[in-house]
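I opened my notebook to look up charges, contacts and backbone angles in this model. Here is what I wrote down as I went.

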Amino acid sequence: MESIIAIFADIPDPRGINIRHDLSAILFIALAATLCGAKTCVDMADFAAVNEAELDEMVGLPHGPPSHDSFSRLFRLLDPAQLELALRRFVAIVRQALALGPPQGVVAIDGKRMRRGYEKGRVSIPPLMVGVWDAETRLSLAARGNTEGNEHKAALEALKSLDLKGCTVTADAAFCDAAVATTIMEQQGDYALKLKANHGPLFAAAGRAFAAAEKRGRIASITVEEAGHGRVERRTMSVVAVPDDAPDFPGLAAFGRIEAERTPDGRRPKRLMHYVALSKVLTPKAALDVNRSHWSIENQSHWQLDVVLREDDARTRKNYGPQNLSVIRRIALDMLRAHPDQRSIRRKMNLAAWQPKFFYELFIHMR
């Protein structure tokens, strides 16, 4: 438990000189409350009040439990970059505790909006977090917010904080540009970036490359078919080397093309096609595996944050509050996921709230 408290120890306190509660104590209580299902600062304050004796032994509460105003004020003022550093320190602890080396597989990056956290008059631009996700271990690597809603800037800042050697970074078309590709390569990674018509010259070059390959009859591809959830899905991945007439793009080595057909029971099939910019030539199977791995950030991170931890319903909206609470949720989600118990995340949260033994196990497992 001391190792988890220590990740907050070096964070500068943005509050004034009249503070009553230690910053590390408030952040630890917020994390503990989130593990047990707390969704708001009011929930955190109630958790602290109910468990005052136990928390006093852990972090010391000489002035009693913090109020909801204490939690709210700290999260509004705290620099999210500092709490994000704590997230990365936490990631290092988790990977060491689980005997995991540095990420070596697919690293997915994607933006996420907190849809009910907008301020009055700004309903169209709710707070934004860009997450970086290790698809193999299903653990967060970084999370960066941006108060102006600039997803691209937040992504660059998050990527620059990581060592991506041996990793393939995946992202949707919003991140397919020279700056992101350059940053990934500077961090010693490769990329597989979804490509749409918003990058017109590159998109056109991909279309020409596949048309020429098909005309020559030289195109490597693989098709897989899956059935389930009331539908049949067929995906074909093809890969061609980058042609000589392709526009200049950092590290570009090949194009991938995914043709997907989804047939719901008793309905007409839906067909989709998109390209992928690749920094190295992959086999069609490897390219398809990379593409499928990307979606774990949606299914295992964003879905859990919204459906289980109720992030989309969070109404925190002032200053840095939304971003900081999102980081706390991601730390909690990783702690719950890292515990070897095979129950769902929701059931683990219930156990943490109902069974003190299991609550302590979540922290002991991090040693």
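Predicted model: local features only at pLDDT ≥ 70, side-chain atom pairs only at ≥ 80, totals over all residues.

Entry 1: R330 is buried but makes no salt bridge. The nearest side chain of opposite charge belongs to E311, 4.3 Å away. Because the cut-off is 4 Å, I left that pair off my list of salt bridges. I then wrote down what R330 touches beyond four places in sequence: K112, M129, G131, S140, A143, S301, L305 and E311.

**Entry 2: the charges that do pair.** Side chains of opposite charge can pair when their charged atoms come close. How many salt bridges does the structure hold? I noted 20, and I picked out a few to follow.

Are E84 and R144 buried or exposed? Both of them are buried.

Next I turned to D134 and R95, whose side chains meet in a salt bridge at 3.0 Å, N to O. D134 is in strand β2 (residues 128–134) and R95 is in helix α6, so the pair ties together parts that lie 39 residues apart in sequence. I checked burial here too: D134 has a relative accessible area of 1% and is buried, and R95 is buried at 9%.

The last pair I followed was E233 and R235, with the closest N and O atoms 2.6 Å apart. E233 counts as buried at 11% relative accessibility, and R235 counts as buried at 5%. I also found a network: E84, R88, R144 and E157 are joined by salt bridges that share partners.

**Entry 3: negative charge on the surface.** Which residues gather in a patch of negative charge on the surface? I listed E52, E54, D56 and E57. I took D56 as my example and placed it in helix α4 (residues 52–59). D56 counts as partly exposed, with 37% relative accessibility.

Entry 4: I started with A277 in strand β9 (residues 270–278). A277 is buried, its relative accessible area being 0%. What does A277 touch, leaving out residues up to four places away in sequence? My list reads C176, Y191, A192, L193, L195, L202, L252, A254 and F255.

F255 counts as buried at 0% relative accessibility. I looked up L202 again from this side: the C-alpha atoms of F255 and L202 are separated by 9.7 Å, and the two residues are 53 apart along the chain.

From there I moved to S238 in strand β7 (residues 231–241). S238 is buried, with a relative accessible area of 2%. Beyond four places in sequence, S238 touches F210, I219, A220, S221, F255, G256, R257 and E259, which brought me back to F255. I also looked up R218: its C-alpha atom is 11 Å from that of S238, and the two are 20 residues apart along the chain.

**Entry 5: positive phi values.** I finished with the backbone. Phi of R138 is near 60°, a positive value in a residue other than glycine. R138 lies in the loop between β2 and β3 and counts as partly exposed at 39% relative accessibility.

Where does R310 lie? I found R310 in the loop between α11 (296–308) and α12 (321–338). R310 is not a glycine, and it has a positive phi of about 60°. With a relative accessible area of 38%, R310 is partly exposed.

Conventions: Residues numbered from 1 in each chain as written. Heavy atoms only, no water. Buried < 20%, exposed > 50% of the residue type's maximum accessible area, 1.4 Å probe, protein only. Helix = DSSP H or I, 4+ residues; strand = E, 2+ residues; numbered from the N terminus. Contact = heavy atoms within 4.5 Å. Patch = residues over 30% accessible without salt bridge, like charges linked within 9 Å, V, L, I, M, F, W, Y side chains within 5 Å. Areas by Shrake-Rupley, 256 points an atom, 1.4 Å probe, with all protein chains shown as cover. Lys, Arg positive; Asp, Glu negative; His and termini not counted. Charge placed at Lys NZ, Arg CZ, Asp CG, Glu CD.
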